[in-house]
Amino acid sequence: MGTITVDGKDYEVDEEGYLVNLNEWVPAMAEIMAKDEDCTLTDAHWEVINFLREYYDEYQIAPAVRVLTKAIGKKLGADKGNSKYLYELFPYGPAKQACKYAGLPKPTGCV
Amino acid sequence: MADFETPEMKEVLSTPKLSRGATEHVSPYVAKPDHQEKLGFPGELVENFEEVAINKMGDLLGKYRGFRVFLDSCVKCGACTDKCHYYLGTTDAKNMPVARQDLLRSVYRRYFTFSGKYFPKLVGARDLTKEVLDEWHTYFHQCSQCRRCSVFCPYGIDTAEISMAAREILDSVGHGQKYCNEIIGKVFKIGNNLGLPEPALADTLEGLEEEIKDDTGVDVKLPLDQEGAEVLLITPSADFFAEPHIDGLIGYAKVFHAAGISWTMSSYASEAANFGMFIGSYENMRRISRRIRKAALDLGVKRIVFGECGHAWRVAYSFLNTLAGPWDFLDPKYPVPQHMLELTHSLIQEGKLNLDKSQNDHIKPTFHDSCNVARASRMGNKPGGQFEIPRAVIKSVCNNYVDMEPGTTHEATFCCGGGGGLLTDDLMEIRVKGALPRMEAYKKVVENNGVTNLVAICAICKAQFTKVMPYYGYGMDSIMSAHQLVSNAIVLPGQGEETAEPVEASEA
């Protein structure tokens, strides 16, 4: 277990850097986590992060890849509604990397 | 990205020079108390772990005769030494199957044999210490329980059984693996490995129905919790969630639709995978399996069909009757359970599917036999059916099939590198290195035959190859589901007919 420091306050994260208490998430946390992985968050990244949080709020799980690509396609244009585009944004995998920045638990299982 | 080097691909089946401790630093996260306790294990390492572990080992030796025979019968002939993909990929001497077995065998000798009790040094016997437990945690999680070594052992010693026993002993002293145990807890709480609750599952399936409608113009349903359906489909939850798994699920749906078979999935038993097997826990394996029985009874189905999942098929084919039977309420005309590929294969044989092979002309696939299907189960009613049926289905929907080098397929297939509970980011180094032998065989057919894609019938293989193929220079979309090829080729009843009529403009 470690911590991540945001605006002088420490938050608990697990071995892989995922936030332990979902409710503690603040947007600045995503920026710090991204910077740590040499990723600069753009509006496009934020579209994904915000969608993940909205979906999680409703369903208590991150969206399946097709649910995500369809939603992003609707928001950012059909040419971006595919996993190739999402992997360009989040090279470690949209499900895992974007979930981490969004303060959500890591998807588990055979994925 | 990675703090290790991807091994260089050499000749197929070449053996590297061994080294000491090359991957001794790669050990998976230990389960948290919360993960352990949900499965009935102590939350953390118990103080008297030596006593508890040895009692557990004695218990397993009494219950599983094979376990004791495997520990007693090794003659150190060396036939297994170069057969493990983790040894071939990591060069670590302890990843030779005999060396891996000896990690546990040495402790067995100390406590359960005359010579080991009185002359431990002479027979390589050692005490069970915390260091030994840590070593087990490391190297029994560098074994994917794929059983390739057992094919080459003249005594048939099955390292998977020893690895399962080691993991069960580790769990019993409160030192389990986070990945497997956290996931099993989710199955008990929510019904699947992902922790995908019913509303999210229903929403996901609805989205897929829309997608099929957009692609084909046909209303193909993916029914959930539909009472009175004929078939209950049990499929890995990755089929709902990830690519390329999801394209396989779409393929199953199209097959059911085209054949006019009523079917359903269950939100209660929304998982084919059974990680209880990976941790060697009969009780947890049974609890997971019983969910399938309950779902089948509640929904009143007549048949159970399993989707593309390797170890699930081992549990289903080999153990389901013992774990969750009797299945006397199902239709005896069909195998209990049946594999989705058996179903598709028989429909093709009966001419019930309209297939246009040319839809896959841009693909030249080769088939990766999944270890648990290849070496621990069967399909159809003939020996070797598990090799022939997947290939027959692929060849029925595709013109360009190519096989990989003999010695890397069928019963000698290599594990993808992520099986047996190793499909976790904390083991990425082992996963990448363990994929080496398969990648070498794949490279050969890519270079010599122009192969474009690797086809698998296991959720772990698909997720693993998606992640590791890029390390070897192949695109993550090189890996496909077998039923994805079926999905591409199948012409649904009514598909294409609507194009003859003018499309009405929407009023939006």
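The model is predicted.

Chain A holds 5 helices and 2 strands. From the N terminus on, its elements follow the order β-β-α-α-α-α-α. The chain has 111 residues and a radius of gyration of 13 Å, which agrees with the value near 13 Å for a compact globule of that length. Along the principal axes, the C-alpha atoms of chain A fill a box of roughly 40 × 25 × 25 Å. Buried residues account for 34% of the 111 residues. Among contacts in chain A with a separation of 6 or more, 43% link residues 24 or more positions apart.

The two strands of chain A form a hairpin with 2 residues between them. Strand β1(A) covers residues 2-6, and strand β2(A) covers residues 9-13. The strands run antiparallel and are joined by 5 bridges. In the hairpin, A:D7 takes a positive phi near 45 degrees. A:T5 counts as exposed, with 10 C-beta neighbours inside 10 Å; the cut-off for exposure is 12 or fewer. A:T5 and A:G81 are separated by 76 residues in sequence. Their C-alpha atoms lie 34 Å apart in space.

The contact between the chains involves 30 residues of chain B and 16 residues of chain A. On the side of chain B that touches chain A, the elements giving two or more residues are α10 (178-189), α11 (198-216), α12 (238-241) and α21 (459-468) of chain B. Helix α11(B) gives the most, with 7 residues. By class, this side of chain B has 19 nonpolar, 5 polar and 6 charged residues.

Within chain B, one helix pair was examined. Helix α5(B) spans residues 97-112, and helix α9(B) spans residues 159-172. The two pack at an angle of about 35 degrees. Their axes are 10 Å apart. The crossing of α5(B) and α9(B) is left-handed. From α5(B), the contact involves B:P97, B:R100, B:Q101 and B:L104. These meet B:T159, B:I162 and B:A166 of α9(B). By class, the contact comprises 4 nonpolar, 2 polar and 1 charged residues.

Chain B also contains an open sheet of 3 strands. The strand order is β5-β6-β7, with parallel pairing. Strands β5 (365-367) and β7 (479-481) of chain B are the edge strands, and each pairs on one side only. From one strand to the next, the twist averages 40 degrees. Strand β6(B), residues 453-456, runs parallel to β7(B) and is joined to β7(B) by 3 bridges. B:V455 has B:M480 in β7(B) as its bridge partner. Helix α22(B), residues 482-489, packs on the sheet. This helix touches β5, β6 and β7 of chain B. The direction of α22(B) makes about 70 degrees with that of β7(B).

Note on methods. Residues are numbered from 1 along each chain as its sequence is written. Chains are lettered from A and ligands numbered from 1 in the order in which they are written. This is a predicted model: local features need pLDDT of at least 70, side-chain atom pairs count only at pLDDT 80 or more; totals for chains, interfaces and linings use all residues. Axes are lines fitted to C-alpha atoms, for helices over the stretch in contact, and angles run from 0 to 180 degrees between N-to-C directions. Helices (H or I, at least four residues) and strands (E, at least two) are DSSP runs, numbered from the N terminus. A crossing is left-handed if the near helix is turned anticlockwise from the far one by less than a right angle, and right-handed if clockwise. Two residues are in contact if their C-beta atoms, placed from the backbone, lie within 7 Å. Ala, Val, Leu, Ile, Met, Phe, Trp, Tyr, Cys and Pro count as nonpolar, Asp, Glu, Lys and Arg as charged, and the others, Gly among them, as polar. The radius of gyration is taken over C-alpha atoms; the globule rule is 2.2 Å times the number of residues to the power 0.38. A residue is buried if 20 or more other C-beta atoms lie within 10 Å of its own, exposed if 12 or fewer, and partly exposed in between; C-beta atoms are placed from the backbone. Two strands pair if DSSP finds at least two bridges between them.
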